[in-house]
Amino acid sequence: MGFRIYIEDPYMDGEVHFLVDYPRDEYICRVLCFPACNRRDLIVERTLELIKDGFIYLLETGQVIHGIRVLGKGYSSIIVVAYHARHGLGVLKIRRTDSRRDDLSREAEAMMEASGSGVTPRLYMYSQDYLFRELVDPVTCRSLEALLTDLFRTGDMDRVKQVIYKVLVALNRLDSTRIDHTELNRPGNHVFICPDGVKIIDWESARRSVKPSNLSSFISYLLYRFRYSSELISRLGLEREKVLRLLRRYKAEYSLEALGEIIDAMHLV
């Protein structure tokens, strides 16, 4: 307590909360019992489990939610930065006390099944109540939506095409694993462009599917929901109906040939 860490991205600066201080550290209690509970035994149980599994401290950083700084929250979890004795800094997702899910294993299993695509952050460890993964570097990685928006504002269409091409290739690999992220029609802060490739986070709703829609959902976003959709269609000379027709073929086979036809139709190369 009273110890701070300063990171190049000021969003990630924060105060350190050592887990061994949990009896008198309000931040630890509120995170481990989010959004609220009166069970002191649950806080003790969760804290001791984290300490036993090698966690040293939580880093109070990110946005303010319910009066505390965290990276984010989902329907089933609260998300913070934590330090582990072996893995270092990473993202710790802790099951909310009001979660409808019994545990976080399904999300961890989806990440492991999709890991062959190269788009998942490294999963370090998980249990019924938490999932600990690689931290997507906030300094070197950009959210896809923010990056595309900046590129359109500056008129850098060559870079726009490069980024979209990279994402389509990555999503084809993800489709081949038959894991559907299910939320890429609104990629928001799910998809990041990093020096080592495309990274996708928040697998809470992911599921196994014989007909995954990762690539098709993303293209739907570009054609209909992206704030610069009209300009994208105009600047790249896209024929929307042709792209949609090729997407239907793609979903019948998920082949590299079908992907190549979509890339050609979108004039990305």
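**Strand pairing, helix packing and backbone geometry**

Strands β9 and β10 form a hairpin, with three residues between them. The model described here is predicted. Tyr 126 stands opposite Leu 131 of β10. Strand β10 also pairs with β8 (residues 88-95), again in an antiparallel arrangement, through five bridges. In that pairing, Leu 131 of β10 is the bridge partner of Lys 93. Strand β10 itself (residues 130-134) is mostly covered, five of its five residues being buried.

Helix α5 comprises 20 residues, 157-176. At 1.5 Å a residue, the helix should span 28 Å, and the 29 Å separation of its end C-alpha atoms therefore agrees with expectation. The buried residues of α5 are Met 157, Val 160, Val 163, Ile 164, Val 167, Leu 168, Ala 170, Leu 171, Asn 172, Leu 174 and Asp 175. In an α-helix there are 3.6 residues a turn, so residues three or four places apart point the same way. Among the buried positions of α5 are Val 160, Val 163, Val 167 and Leu 171.

Helix α5 is followed by Arg 178, which lies in the loop between α5 and β12 (179-180). Phi of Arg 178 is near 65°, a positive value in a residue other than glycine. Arg 178 counts as partly exposed because its relative accessibility is 26%. A positive phi, near 60°, also occurs at Asp 202, likewise a residue other than glycine. Asp 202 is located in the loop between β14 (197-200) and β15 (207-208). With a relative accessible area of 23%, Asp 202 is partly exposed.

A further backbone feature is the peptide bond from Phe 34 to Pro 35, which is cis, with omega near 0°. Pro 35 is placed in the loop between α1 (26-32) and α2 (40-52).

Helices α6 (residues 214-225) and α7 (residues 229-236) are in contact through Tyr 221, Leu 222, Leu 223, Tyr 224 and Arg 225 of α6 and Ser 229, Leu 232 and Ile 233 of α7. By class, this contact has six nonpolar residues, one polar residue and one charged residue. The helix axes come within 6 Å and cross at roughly 100°. Since angles of 65 to 115 degrees count as roughly perpendicular, α6 and α7 are therefore roughly perpendicular to each other.

Methods: Residues numbered from 1 in each chain as written. Predicted model: local features only at pLDDT ≥ 70, side-chain atom pairs only at ≥ 80, totals over all residues. Heavy atoms only, no water. Helix = DSSP H or I, 4+ residues; strand = E, 2+ residues; numbered from the N terminus. Expected span 1.5 Å × (residues − 1). Buried < 20%, exposed > 50% of the residue type's maximum accessible area, 1.4 Å probe, protein only. Axes fitted to C-alpha atoms, helices over the stretch in contact; angles between N-to-C directions. Parallel < 35°, antiparallel > 145°, perpendicular 65-115°, else oblique. Contact = heavy atoms within 4.5 Å. Nonpolar A, V, L, I, M, F, W, Y, C, P; charged D, E, K, R; others polar. Pairing = 2+ DSSP bridges.
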